[in-house]
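Biologist: Hello! I am new to this structure and would like to be walked through it. Could we take it one question at a time?

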Amino acid sequence: NDIYGLDIGNSLLRGFADKLKEFNQANKYTIYRVYGDNFLLHYPLAKNFQEIYEKEKKSLIDYLENMKIYLEGIDDYIDVDVSVGTCTNEKECFIKADMALKHAKKEQKQIVLYTQDIDSSKQLLHDTEWIKEIKNALINDDIIPVYQGIANKEGEIIKYETLMRLVKHENNEEKLISPIFFLEAAMKTQQYDKLTRVMVSKSFAYMQDKNVDFSINLSFQDLSDSARVEFLHNEMSKYGVEKRVIIEVLEVEILSNYDLVIKILNKFREKGVRIAIDDFGSGYSNFEHILKLSPDYIKIDSSLVRNILQSEASYTLVKAIAEFSKELNIKVIAEYVSSKEIFDKLKVLPIDEYQGYYFSIPSKEILVKKGS
């Protein structure tokens with residue numbers, strides 16, 4: 001449609017419908033155009049279809065392979081790629097075939113048979129429940145920042161990471177829910193933007209009179225939204241926290257969108273904001289790009305630190321990251337320091353700071369004297 005116009009697009013759909021009719025010469029199926037570019041082949045004798053499924057699937061895939069459709073309007077053939085979702089012997093089979101089709105597109109597979117493993121209805125129900133929870137939390141001002149301390153080699157808390165929590169009230173008890181449970185659902189709606197703005201405003205307001213550095217986590221979605229980036233700049237100026245804020249960005253997101261992320265982060269750096277690469281070691285660790293970014297901090301991925309006592313490979317990788325960063329004058333923070341044993345193992349390495357439950361649990365308040 002974008003290249004040739006709607007008329008040619010409609011001609012392509014008619015040509016594809018004709019191809020399906022040609023495939024269905026034996027009239028085994030009833031053919032429907034469902035919506036857009038989605039078509040349905042319905043086998044009326046559903047009870048028997050499971051027995052012949054593999055044969056029919058092969059027949060269809062062989063037919064669709066290398067399909068070309070001639071379009072008179074442009075006097076040329078168009079190559080057509082087709083994704084197929086299938087369902088056999090299930091209730092609400094059409095809905096489930098549609099789920100299989102979406103899964104096929106997402107996984108870039110030609111054909112997918114519905115199974116309960118790919119059933120998106122459970123995820124949709126889960127997301128719907130959390131979307132309601134988030135909506136109520138925003139209305140009731142129950143989205144809050146909490147702060148986890150980051151310690152130096154002497155075990156003294158020298159800065160904090162800001163983390164999001166959703167407050168739930170159950171049986172007269174307050175529970176703080178981690179975003180691991182609800183953030184994915186929020187990202188599918190406009191609620192994500194509201195959550196980000198609430199977190200930024202509340203944490204900046206709280207920290208404006210605290211003489212301590214603190215970090216905030218920003219995703220590529222945050223950094224690629226110009227309105228959100230402008231809001232961040234404005235809030236930093238409003239509360240005067242630019243020189244105490246550290247922006248943490250996931251390593252994988254930096255490297256997969258390098259040029260755009262670097263350009264946006266450099267604008268923050270001009271104001272005195274420092275940059276940390278979060279979860280370093282969890283992705284493909286492109287050291288060349290890390291050198292170009294020259295971050296102020298590298299945070300070693302928790303999965304490596306967590307296993308450092310049991311896995312020699314994890315220890316070796318943590319050591320390599322720490323030594324590499326030290327040579328480049330990049331400070332290193334080890335996450336998930338949950339015990340004295342892990343701390344002691346890490347202390348012999350050139351690691352500058354440590355974060356984890358051994359030093360600090362996330363809390364609504366921080367203990368910092370003004371002017372200290």
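**A guided tour**

Modeller: Helix 3 has 14 residues and spans 20 Å from its first C-alpha to its last, close to the 20 Å expected at 1.5 Å a residue. Please keep in mind that this is a predicted model.

Biologist: Which residues of helix 3 are buried?

Modeller: Happy to list them. A residue counts as buried when its relative accessible area is under 20%. In helix 3, the buried residues are K96, A97, D98, M99, A100, L101 and A104.

Biologist: Which element gives the largest share of the nonpolar patch on the surface?

Modeller: Let's begin with the members: Y32, V34, Y35, F94 and I95 make up this surface patch, and together they have about 450 Å² of accessible area. Two elements give two or more residues to the patch, namely strand 1 (30–35) and helix 3 (93–106). The largest share, three residues, comes from strand 1.

Biologist: Is Y35 buried, partly exposed or exposed?

Modeller: Y35 has its place in strand 1. Buried means under 20% relative accessible area and exposed means over 50%, with partly exposed in between. Because its relative accessible area is 40%, Y35 is partly exposed.

Biologist: Which residues is I351 in contact with, leaving aside its neighbours within four places in sequence?

Modeller: I351 is one of the residues with the most contacts inside the largest nonpolar core. Leaving aside neighbours within four places in sequence, I351 is in contact with K153, I300, V318, A322, V332, A334 and L346.

Biologist: What is the phi of D75, and where does D75 lie?

Modeller: Most residues other than glycine have a negative phi. D75 is not a glycine, yet its phi is positive, at about 50°. As for its place, D75 lies in the loop between strand 3 (68–71) and strand 4 (76–79).

Biologist: One more, please: is N329 buried or exposed?

Modeller: N329 lies in the loop between helix 13 (312–327) and strand 14 (331–334), and its phi is a positive value near 60°. The cut-off for exposed is over 50% relative accessible area. At 71% relative accessibility, N329 therefore counts as exposed.

Note on methods. Residues are numbered from 1 along each chain as its sequence is written. This is a predicted model: local features need pLDDT of at least 70, side-chain atom pairs count only at pLDDT 80 or more; totals for chains, interfaces and linings use all residues. Side-chain values use heavy atoms; hydrogens and water are left out. A nonpolar core is a set of buried Ala, Val, Leu, Ile, Met, Phe, Trp, Tyr and Cys residues joined through side-chain atoms within 4.5 Å. Buried means under 20% relative accessible area, exposed over 50%, partly exposed in between (1.4 Å probe, protein chains only). Contact means heavy atoms within 4.5 Å. Patches are made of residues with over 30% relative accessible area and no salt bridge: like charges are joined within 9 Å, nonpolar side chains (Val, Leu, Ile, Met, Phe, Trp, Tyr) within 5 Å. Accessible areas come from the Shrake-Rupley method with a 1.4 Å probe; for residues, only the protein chains shown count as cover. A salt bridge is a side-chain nitrogen of Lys or Arg within 4 Å of a carboxyl oxygen of Asp or Glu. Helices (H or I, at least four residues) and strands (E, at least two) are DSSP runs, numbered from the N terminus. The expected span of a helix is 1.5 Å times one less than its number of residues.
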